[in-house]
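Subject: Structure for you to look at

Hello,

Here is the structure I promised to pass on. Please open it first, then read my notes below.

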Amino acid sequence: MIDIAINRVPESRLASSRWQQAPFGTVFTDHMFLASYMDGAWGHPRIEPYGPVELWPSLSALHYAQSVFEGLKAFRQDNGRVVLFRPAANAARFSRSMTRLAMPPVPEDLFLEALHRLVALDAAWVPAADQGALYIRPFAFGADEGIRARPADRYLFMIIACPAGAYYDKPVKVRTMPQFSRAFEGGTGDVKPAGNYAPALLAEQLARAAGADSVLWLDGREHRWVEECGVMNVFFVIDGTVVTPALGGTILPGITRDSVITLLRDQGYAVDERRIAIDEVFEAADHGRLQEAFGVGTAAVVSPIAGIMHEGHAAQLPPVDRWTVAPFAKTRLADLRRGAAEDTHGWMVAVD
Ligand code: COI
C-alpha cells in the first residue's frame, strides 16, 4: 500500500455545489491528488483540498506543452457501491502518453492507488446512476522553472474530479474541415497530450460557425479517410455492419471505443475495424445504406450523429428513434455500470 498523506476539507461543498445546473467540467469535488517527480523518482503523494496550485511563470509545461491527461469515470451502482470503469486501461495509456512526451511515466500502482483513494474520499460526489457519473481527470506536466526547450527535470501528477451529467444533450451535426488535421503519422494522435486539443479548437469554432456542432476529422495526408469525431472515436453502421476506423498511429485507442466493439461483438454484431473513406460514407448515405453514425468517448459515452457535412454536401441519416446499434451499446454500457448486467469482462473495479 502506498502511503498517501491526506489533508481533508473541514466541510464538504457538495450540498451547495449545484453541479447539476453547471456546464460539464466546471464544478470539482472537495479534494485533489498530487504527487511530485524530483531527483529521478515519483514521491510525496498527497491529497489536499481542491484549490489553486502555486506555479512559476516559467513553468515549462506552459511554454512547451509537456503535459498529458486521461479521462475516466466512477459510477454509483444501483446497490450504492461505487465502481471505476477499466482504470487499468487508463493507467496503461497514461504511461504511453508520458513516454511519448519524454516524461517519466507515473508507476501504474501509484496511478491506481491515487484514483482509489481520491474517489473513496469524495465518494459522496458520485451521482446516482440515473443522474450521471463522476468524471475523473488525471494529468501530469513538466514543472521546471525555466524556458529551456528540453524535457523537464521535475513534474507534477495530479487528479481532479467532477460530477457530470450528459456531455451532449442532443444528437450532433458534424462537418469535415479538410484544411485542418488533428493528427499525422509520427505525431501524437494515438496518445493523449494536452497539445492534441488546442490545435483543434479553431477548427471546432469554424465548424460551429458553419452550422455544425463538431468536426469530423479526416486523415492529415489525403484528407480522405475518416479518423475521429470531435473528441470522440467514430462508428458507422452500413448495411448492417458496424464500421470504425482501424487504429494505426493517428487515432486514439479509446477505452470506450474498445468497450463498444467488445460489447457489440459479444452480441453477435459484425464489427469491421478498417479504413473508411468519407466518400464511402456519402455513397452509403446516398443509397440509403448508412443506417447509423455515432461518436463514443469517456465524457460523451455514445452520442448519435444527426448529420454529416462535407464539401457542401449533407449526408442524411434515418431518424435516431429507428436506430438499434447505438442504443444497444449505450444501454449495455449503462447497465454494466449500474450493475444491472453481468460484468463478464471484469471491467468494473470496486472502490472501497
Ligand atoms: C474524454 O472523453 O474523456 C476526453 O478526453 C474528451 C475531453 C476533451 C472531454
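Start at the ligand. One of its oxygen atoms sits 2.6 Å from an N or O atom in the side chain of Tyr-135. Lys-192 also reaches the ligand: a polar atom of its side chain is 2.6 Å from a ligand oxygen. Thr-298 uses its backbone instead, with an N or O atom 3.3 Å from an oxygen atom of the ligand. The ligand on its own exposes 280 Å², and the protein buries 89% of that. The residues around the ligand include Phe-69, Gly-71, Arg-137, Tyr-167, Tyr-197, Val-231 and Ala-299. Keep in mind that this is a predicted model.

Next, the domains. The domain assignment gives two: domain 1 (5-164) and domain 2 (172-338). Their centres, taken over C-alpha atoms, are 27 Å apart.

How many residues of domain 1 are in contact with domain 2? The count is 23, and they meet 21 residues of domain 2. The size of an interface is often given as the accessible area lost when the parts come together. Here the two domains bury about 1,900 Å² between them, 59% of it on carbon and sulfur atoms. On the domain 1 side, Phe-69, Phe-85 and Arg-93 supply 31% of the area buried against domain 2, more than any other three residues. Phe-69 is also one of the residues surrounding the ligand.

Now the cores. The largest nonpolar core has 50 residues. Among those with the most contacts inside it are Val-226, Phe-236, Val-260, Leu-290 and Phe-294.

Take Val-260 as an example. Leaving aside neighbours within four places in sequence, Val-260 is in contact with Phe-235, Phe-294, Val-296, Val-302, Ala-329 and Leu-333. A second, separate core has 37 residues, including Trp-19, Val-27, Ala-91 and Leu-115.

Best wishes

Key: Residues numbered from 1 in each chain as written. Predicted model: local features only at pLDDT ≥ 70, side-chain atom pairs only at ≥ 80, totals over all residues. Heavy atoms only, no water. Core = buried A, V, L, I, M, F, W, Y, C linked by side-chain atoms within 4.5 Å. Buried < 20%, exposed > 50% of the residue type's maximum accessible area, 1.4 Å probe, protein only. Contact = heavy atoms within 4.5 Å. Near = heavy atom within 4 Å. Polar contact = N/O pair within 3.5 Å; in protein donor to acceptor, adjacent residues only side chain to side chain. Areas by Shrake-Rupley, 256 points an atom, 1.4 Å probe, with all protein chains shown as cover. Domains from an automatic or database assignment. Buried area = accessible area lost by both parts, 1.4 Å probe.
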